[in-house]
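Reader: I have a two-chain model open and want to learn how to read it. Where do we start?

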Amino acid sequence: MSASETIRRPSRHRTFDSDRLLTAACVGLPLLGLILFFAYPMLIVFLRSITVDEGYGMGNYVQVLGSSGFWRATRHSLAMGGATTLLSVFLGFIIAQGLYRCAFPGKWLIRAVIVLPLLAPSLVQALGLIFLLGRNGVISRALGVEIEIYGFWGLLIANTLYALPQAVMIIGAALVLLDARTYEAADVMGASPWRQFRDLTLPSARFGILNAGFVCFIITITDFGNAAVIGGDYSVLATEIYSQVVGQRNFNMGAVVGIMLLLPTVIAYAIERQAMKRQQAGQTTGQVAYRPVFAPLRDLGMAGLSLLICAAIVAVIGIVVYASFVTLWPYNMSLSFKHYDITLAGGYSSLWMTILISLGAAVGGTIAVFLLGLGLRRLPQALAQPVQILAAMPAAVPGMVLGLAYILTFNSTATPLYLLYGSAALIGIVNFYHYHTQGFLTVMTGFRQLPPALEEAAGSLGAGLGRTARDVVAPFIAPMLVSVFFFLFMRSMVTLSAVVFLTTPQLSVAAVTIMRLDDAGLTSQAAAFSTCVMAVVCGAVLAMKMILALMQRRRG
Amino acid sequence: MKTWIQTTALSLAALGLAAPALADELTVYTALEEEEIAAYVEAAQAAMPDTEINVLRLSTGKLGARLLAEAGNPQADVIWGWAVSAMMDPQILEMLEPYEAKGADVLPETFRDADGKWFAPIGYMGAFCVNTARLEEKGLTMPTSWADLEDPAFEGEVLMPDPNSSGTGYLHVNAVLQSMGAEAGWAQLEAVDPNMAQYTSSGSKPCKSARVGEYTVGISLAFTAMQSIEEGYPLAMVFPEGGVGYELESSGLMASTDNPEGAKAFLDWTMSDEAIGLYQQYKALITVPGVDASEAAEKAGLPADISTILADIDFVKAAEDQTAVKDEWKEKFGR
C-alpha cells in the first residue's frame with residue numbers, strides 16, 4: 001500500500017501539469033481555428049465596413065442607418081426571427097419530448113425524417129413549398145383557391161422547416177440525459193405527470209431550450225435563400241446585403257449590414273447567458289437513464305403530433321423528388337428519367353469531391369467542438385466567457401458574407417494562409433465554421449448535463465484529463481457528438497451560400513452544380529441532381545450508422 | 001491540430017488532382033450560359049491546344065462580387081461575356097488592361113470601349129414570359145407592351161426583377177427610361193407598379209415562376225423564355241413594343257494576368273470567324289456588322305432586322321445613371 005503511494009505521488013504531480021497543458025491545448029487549438037478562420041476574416045469585413053473614399057470613417061454606417069429600407073428590413077428580420085424561433089422551439093420541443101421522454105414505437109422514423117431538411121439543398125425546400133402551397137400548387141388546385149404563400153407566412157414556414165431539426169438536435173441534447181431517479185422520486189411523492197413536466201423537465205431543459213432559441217433566431221435573421229425564393233417582397237437584412245453586394249457591387253455597404261447583423265446576436269446571447277445564471281449546472285452522479293413507460297394519452301398524442309410534423313416535411317421534400325421524375329411539372333405529369341441525364345455544369349463529377357470535403361469538415365469539426373467544450377469546463381469563468389461568445393457567433397454571419405470574407409482573407413499573398421485559397425480544405429473549413437455555433441451549442445448543452453462529480457471522481461482516482469475525457473466524458477457525450485457529426489456532414493453536402501464564392505474552375509461542389517443547373521433554367525435537372533445528393537447522403541449516413549452500431553457491439 | 005492536418009491532407013490531395021501537367025493555363029471568368037460555354041470552349045480549346053482553358057461560370061451579380069473580393073490578388077486572366085453595365089463599373093475597369101482583339105475593330109464604336117478595355121460582339125435581350133395557360137384561365141389578353149400591363153386585370157399577375165439586386169432588373173428599367181424619356185418612363189413604371197406581385201432578386205426567376213403557372217407574366221430574359229418554350233412549357237415570349245431592353249456581353253483582359261499571350265489568343269478567338277459562326281447558333285443578338293443571328297433569332301421569333309425592335313440604348317449613359325436610377329427606383333417602389 002505504502003509502496004504504491006510513493007509511486008503514485010510524483011505521477012500525480014505530473015498529471016497535474018500535463019493536465020494544465022492538455023486543457024490549454026483543448027481550448028487553444030480550436031480557439032486558434034476560430035481566430036484564424038472566423039475572427040480574422042470578420043475583422044477584415046469590419047475594416048471594409050469602415051472604409052470610405054479616403055481612409056477610414058463611419059460614413060458607411062451613417063448612410064445605412066439613414067436609409068428607410070434598412071430599418072424596414074430590420075423590423076422584418078426581427079419579426080421573422082422571433083416568430084420562427086417561437087414556432088421552431090415549440091415544435092422542436094414536442095418532437096424532442098416525444099423522442100426522449102415518451103414511449104411509442106416507430107421513433108426511428110421520426111428521427112430519420114426530422115433531419116431531412118438538413119440534407120435537402122435549399123432549392124428543394126423552396127421548390128417543394130411552391131409546388132405544394134404555391135398559387136398553382138397541388139393544394140391550391142385541389143381546393144380551387146389560390147393560396148398566397150409568398151411573403152411572411154411562406155417565409156415563416158420555410159424558415160421553420162430549416163430551423164426545426166437544429167432545435168430538435170439541441171433540445172434533444174438536454175432531454176436525453178435527464179436522470180430517471182428524480183422522476184421515480186417524484187412518482188413516489190405523488191407528483192402528477194404535468195407537475196413533473198413543469199417542475200423537473202422544463203427547468204432542466206432550459207439550457208437546451210434557450211440555446212435552441214438562440215440558434216433558431218440567428219439562422220433565421222441571416223438566411224438569404226428562403227427569403228429570396230418565397231419571401232416575395234418581404235425584405236429582410238440578408239436580402240439587403242445581397243442587393244448591396246451582388247446587385248450593386250457595393251462591398252463596403254454590404255459589409256456594414258453584415259457587421260450590424262452581429263449585434264442582435266451578441267445581445268441575444270448576452271440575454272441568454274443572463275437567464276442561465278440562475279440555473280445550477282449539471283446533475284448528480286450515478287445517473288440512471290430515463291426509460292419512459294407507455295402512457296396512452298400522452299404518448300399517442302405526442303406520437304400523433306410528431307408524425308404530423310414529419311408528414312409535412314416528407315410532403316415538401318417528397319414532392320420535389322417526385323417532380324424530378326415528371327416530364328414537365330405541372331403540365332405533363334407522365335413519368336420519365338430524362339432529367340437525370342445531366343451533362344451540363346460538370347455533370348455528376350462534383351458529387352464525390354463533395355463527400356470527401358463533407359467528411360473532412362464533419363470529422364475535424366466534431367473533434368474541434370468536443371475539445372473546446374471539454375477545455376472550457378476547466379477554464380475560469382472570466383476566461384471561458386469570451387471564448388464562448390466567440391464560439392457561438394459564426395451562425396450570425398450570412399454565408400455570403402463569410403464566403404466573401406474568406407476571399408478577402410485567404411486570397412492575399414501576405415500570409416502563408418494563401419496556400420489554402422482554391423483548395424478543398426478551405427471549403428471544408430468554411431463549411432465547419434459556418435455551422436460552428438450549432439455544433440458547439442449542442443456539445444455544450446450535453447456537457448451541461450454531465451455531472452461535475454463524475455469528472456471529479458475520475459480525477460481523484462488519478463485519471464488525467466486525457467483519460468477522463470476518453471473514458472468518462474466521451475462515452476457520456478457520445479450521442480451529441482454523433483448528432484454533431486451527422487449535422488456537419490449533411491450541411492456540408494448541400495450548403496451553398498459561402499461555398500459558391502470559393503469554388504474554382506477545377507474544384508466544384510454539388511451545391512454549386514445544383515445552382516448552375518437552376519441558373520441555366522434546368523430546374524428539373526437541378527431537382528434530379530438534388531435527389532441524387534440526398535440519396536447519396538442518406539446512403540452515407542446509413543452506412544456510418546451501421547459501422548457505429550458494429551463498433552458498439554464489438555466493444556459491448 | 002488533428003483537424004487541420006486532416007483537412008490539409010485532404011486538400012493537398014485535391015490540389016494534386018487539380019494541378020495539370022500543362023504549363024500553359026488560362027483562367028476565364030464568365031457569365032455566359034452553360035450550353036454555349038460548352039460549345040465555345042470546345043472549339044476554342046481545339047484552336048489553342050497548348051493552353052488549358054479553365055472556365056468559372058457564375059451569374060452576373062455573383063461574378064462581380066467575386067471579382068471585387070479578389071481584387072487584391074486577381075485570379076482570372078480574362079473576363080469573358082459579362083454584362084457591360086457591370087464591366088463599366090470603375091472598380092472593374094481599373095482591373096482591366098486595354099487590348100484590341102484581332103477583328104474587334106469591325107465592331108461599331110458603341111459596342112467597344114473607347115479606351116479599348118472591353119469589346120462586345122454579342123448580347124442578350126429582355127422579354128416578357130407569358131404563361132398562355134394561365135392567361136387563358138384568367139381571361140386576360142396577351143400583353144404586347146409595358147402599357148398593356150397597366151390593365152387592373154393584371155393585378156398580382158406580373159413579376160419583375162428588382163434593379164437593385166439584378167442586372168436584368170436594371171436592363172428593363174433602363175430600357176423603359178431611355179426609350180420613353182425619363183419623365184414618361186418613370187410614369188410608365190409607376191403605372192405598372194400596382195400590378196406587380198413581387199420584385200424578385202434574380203433576373204430569371206420571374207420567367208421560371210411564370211412558366212410553372214404561379215404568375216401570368218414574368219418580365220425576364222429572352223434566353224430563359226426560349227429555353228422554357230423548348231422544354232415544352234405553355235409559354236409565349238413577348239418583346240414589348242416601343243423598345244426591348246438588351247445588354248451587351250463584353251470581354252476584357254485582366255491587367256494582372258500572368259499569361260498575357262494565352263489571354264490575348266483567347267480574346268482573339270472570341271472574334272474569329274469560327275466563334276462568330278457559333279454565335280449564330282446560340283445568340284439572338286450579334287453586334288458584328290453584316291452577321292445576322294439567323295438560326296437563333298428565327299427560333300426566338302425575331303424579325304429579320306432586329307434593330308427595329310430594340311430600344312435605342314446608350315450604354316455609357318446607362319452606366320453613369322445607374323446609381324441615381326437605382327436609388328430613385330428604391331425610393332418609389334422599394335417594398
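Author: Start with the interface. Chain A and chain B bury about 5,800 Å² between them, and carbon and sulfur atoms give 54% of that area. This is a predicted model.

Reader: How many residues of chain A and of chain B are in contact?

Author: In chain A, 71 residues make contact with 68 residues of chain B.

Reader: What is the count of salt bridges between chain A and chain B?

Author: Look for a side-chain nitrogen of Lys or Arg within 4 Å of a carboxyl oxygen of Asp or Glu. Between chain A and chain B the count is eight. Take R57(B) and D519(A): their side chains form a salt bridge, 3.4 Å from N to O.

Reader: Which side chain of opposite charge is nearest to K62(B)?

Author: That is D519(A), 5.4 Å away. The cut-off is 4 Å, so K62(B) has no salt bridge, yet K62(B) is buried. K62(B) sits in helix α3 of chain B, residues 60-69. Its contacts, leaving out residues up to four places away in sequence, are Y242(A), V246(A), V500(A), F501(A) and M515(A).

Reader: Now the strands. How should I read side chains along one?

Author: In a regular strand, side chains alternate between the two faces of the sheet.

Reader: Do β1(B) and β2(B) run parallel or antiparallel?

Author: Parallel. Six bridges join β1 (residues 25-30) to β2 (residues 52-57), both in chain B. Within this pair, L26(B) stands opposite I53(B) in β2(B). From β1(B) the chain passes through helix α2 (residues 34-47) of chain B to β2(B), a right-handed β-α-β crossover.

Note on methods
Residues are numbered from 1 along each chain as its sequence is written. Chains are lettered from A and ligands numbered from 1 in the order in which they are written. This is a predicted model: local features need pLDDT of at least 70, side-chain atom pairs count only at pLDDT 80 or more; totals for chains, interfaces and linings use all residues. Side-chain values use heavy atoms; hydrogens and water are left out. Two strands pair if DSSP finds at least two bridges between them. Helices (H or I, at least four residues) and strands (E, at least two) are DSSP runs, numbered from the N terminus. A crossover is right-handed if, with the strands pointing away from the viewer, the path from the first strand over the helix to the second runs clockwise. Buried means under 20% relative accessible area, exposed over 50%, partly exposed in between (1.4 Å probe, protein chains only). Lys and Arg count as positive and Asp and Glu as negative; His and the chain ends are not counted. Contact means heavy atoms within 4.5 Å. Buried area is the accessible area (1.4 Å probe) that two parts lose on being put together, summed over both.
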